[in-house]
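Subject: Structure handover

Hello,

The structure we spoke about is pasted below. My notes on it follow, arranged by topic.

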Amino acid sequence: MDPKQQALEQIRAIAAQHGITQEDLSNPHTPGVPTPAPVVVTPSITPSEFHHVGIAEVIYYIGGAIVCVGIGIFVYQNWNTLAFPTKMMATLGAAIAAYIVGVLFGSKPSLEGPSNAFYLISAIVMPIGLFVVFDNAHMNIGSSGVQAVISAILFVMYTASYTIFRKPVFMLFSIIFGTWLFNSSTSYLLDQNAAIDPQKFTQYRALASGAAYILLGMSFAKGKLAPLSGALYGFGSLGFLGAALALGGWQPRQDMLWELMYPVFVFGILYLSVYMKSKSFLTFGTIFLMVYIFKITAEYFTEGLGWPLSLVIAGLLMIGVGYTSVTLNKKYIKTV
Amino acid sequence: MSFIKRNITLLLGLLIPVGMVVLVAASVYLPGFFIKPHTNFLYSIGDNTYNCQKFSVSRGKVLIADTSGEKCDAANTPRLYTYDVSEKKSTEVAPETAAALTVNDMPESPDGFSITTGSSGGGFLFFYGSSRDYNSQYLVGHGYSDKLSLPQSGNYYNQFRFLGWITQ
């Protein structure tokens, strides 16, 4: 007889001898019955949700960038000798082919990295291809109007791609081309109206872009697009705080409202660094606070206090800001 | 409503750039429907050479100088034009006709408009800027802006020169 079967026969005999039922064996509170180990449910973690850029992916992206540089140099060096169909095939054709290869590779999870590299090639070379097409149509590719049309085509294309394939790389390019569309379309409108100060308008535009990036980053923070949040926070706070500082102006043409509002913006960004646990917010908030201290000291305190004393005070304030920044990072943001 | 609450930051992030484009478009095109300039003006083309300006305005009248000297370019023929702000077109006038007009040479017209150079935007991706485009002239005032259709454009230094607002 099989040893296992023998053991089971003996267990049945002992149970029958002592009146032990199946229920007694199942009840964890019965003395002597071992407590079952707690069941641990491990959520299935897909590669795309916890995605870290490894050395292999860095090499994929470098390879993709080198391909783009090669195509660009080829077209540039042979611009006058190549016919239009050849130029179009080398740029727009290559971009479309790279996109299709990316889609084919993307259907296999093991080829996710090379797939993203081909999408990168497509996204960089596609604008060059569209420039070639519009240039052949004798349009001024440097003008805001033509760039607005090109960026609109690319924005629609990559937004549709994200809607269909749901890959973060498409959202990244959708944001990049959306920003290009925003800048070029507002520049085109600005050219129609000489009553608007171009410099002031550029500052407000950067302010709006920065605010939009920060809000997009916050909406992406808890989801599949979370890897994009860091970059959005960084560029967003750089654009927003940089523009707000520029709008404050410089004595004697300073704008008091913006100069008084600026500390509110900076401390708002520093608060967001704690709330969103973002190092990007903390870094740029600290840098711009230091710049603001230096600016205000140089504008208003050099004559009364004297320049050397103003520098001493500004330096001490910067030490304080730096120490506070490190403390915030250690206490609220750093997880390891 | 719950969709808006759940995605409020995303919606705001998209609303800011869209709203700005709409606002800018409205500020560019809407004033043209409600604000109209009324004062025509006089200008010259090809009369911007230093020390050789043929036309000038003094005490409300156009003066015609003798520019046949050695310093001046004999091949250069300055011309006078009146600009009709309602028709948006220029008409060449003879110096004698212009001399009979009463002209106000202040930079701003009696109805609050002025002539300024245009701007030309350019850039790529994130880096966009605007600079003054001295080859185009605009009539601006009270939020209104309209590009002048001039007979010639190109070299700033030898072309458009505003003389004054025609009051009679």
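Please keep in mind that this is a predicted model.

I will begin with a hairpin in chain B. Strand 2 (residues 55–58) of chain B pairs with strand 3 (residues 61–64) of chain B in the antiparallel sense, over 4 bridges. Within that pairing, Phe55(B) has Ile64(B) as its bridge partner in strand 3 of chain B. The hairpin has 2 residues between the strands, and Arg59(B) there takes a positive phi near 55 degrees.

Chain B as a whole

Chain B holds 4 helices and 10 strands. Read from the N terminus on, its elements run α-α-α-β-β-β-β-β-α-β-β-β-β-β. Of the 168 residues in chain B, 26% are buried. Among the contacts in chain B with a separation of 6 or more, 64% are made by residues 24 or more positions apart.

Chain B also contains an open sheet of 5 strands in the order 5-4-1-10-6, with antiparallel pairing. Strand 5 (89–93) and strand 6 (103–104) of chain B stand at its edges; each has a single partner strand, so one side of each is left without a neighbour in the sheet. Further in, strand 1 (residues 41–45) of chain B pairs with strand 10 (residues 161–166) of chain B in the antiparallel sense, over 4 bridges. Ser44(B) stands opposite Arg161(B) of strand 10 of chain B.

Helix 2 (residues 8–29) of chain B has 22 residues and reaches 31 Å from its first C-alpha to its last, close to the 32 Å expected at 1.5 Å a residue. A kink of about 25 degrees lies at Leu15(B) in this helix, shortly before the proline Pro17(B). The buried residues of helix 2 of chain B include Gly13(B), Ile16(B), Pro17(B), Met20(B) and Val24(B). Helix 7 and helix 8 of chain A are among what covers the buried residues of this helix.

Across the two chains, 28 residues of chain A are in contact with 30 residues of chain B. Helix 7 (168–191) and helix 8 (198–220) of chain A each supply at least two residues of the side of chain A that touches chain B. Helix 7 of chain A gives the most to that side, with 12 residues. By type, the residues on this side of chain A divide into 14 nonpolar, 13 polar and 1 charged.

Cores

The largest nonpolar core has 74 residues, and those with the most contacts inside it are Val125(A), Ala211(A), Ile214(A), Leu232(A), Leu241(A), Val266(A) and Ile269(A). Helix 7 of chain A gives the most to this core as well, with 13 residues. Leaving aside residues up to four places away in sequence, Ile269(A) touches Ser237(A), Leu241(A), Phe281(A), Phe284(A) and Gly285(A). A second, separate core of 23 residues includes Tyr43(B), Phe55(B), Leu101(B) and Leu139(B).

Helix 9 of chain A

Helix 9 (residues 226–248) of chain A has 23 residues and reaches 33 Å from its first C-alpha to its last, close to the 33 Å expected at 1.5 Å a residue. Just after this helix, Gly249(A) takes a positive phi of about 70 degrees.

Two loop residues with positive phi

Most residues other than glycine have a negative phi. His138(A) has a positive phi, near 60 degrees, and is found in the loop between helix 5 (112–136) and helix 6 (144–165) of chain A. His138(A) is exposed, because 6 other C-beta atoms lie within 10 Å and a residue with 12 or fewer counts as exposed. Lys88(B) also has a positive phi, near 60 degrees, and its place is in the loop between strand 4 (79–84) and strand 5 of chain B. With 13 C-beta neighbours inside 10 Å, Lys88(B) counts as partly exposed.

Two more residues

Leu311(A) is found in helix 12 (residues 307–333) of chain A. Leu311(A) is partly exposed, with 16 other C-beta atoms within 10 Å. Its C-alpha atom is separated by 58 Å from that of Phe105(A), 206 residues apart along the chain.

Phe34(B) lies in helix 3 (residues 31–34) of chain B. With 9 C-beta neighbours inside 10 Å, Phe34(B) counts as exposed. The C-alpha atoms of Phe34(B) and Phe113(B) are separated by 14 Å, with the two residues 79 residues apart along the chain.

Regards

Conventions. Residues numbered from 1 in each chain as written. Chains lettered and ligands numbered in written order. Predicted model: local features only at pLDDT ≥ 70, side-chain atom pairs only at ≥ 80, totals over all residues. Pairing = 2+ DSSP bridges. Expected span 1.5 Å × (residues − 1). Contact = placed C-beta atoms within 7 Å. Nonpolar A, V, L, I, M, F, W, Y, C, P; charged D, E, K, R; others polar. Buried ≥ 20, exposed ≤ 12 C-beta atoms within 10 Å, placed from the backbone. Core = buried A, V, L, I, M, F, W, Y, C linked by C-beta atoms within 7 Å. Bend = angle between axes of the 7 residues up to and from the residue.
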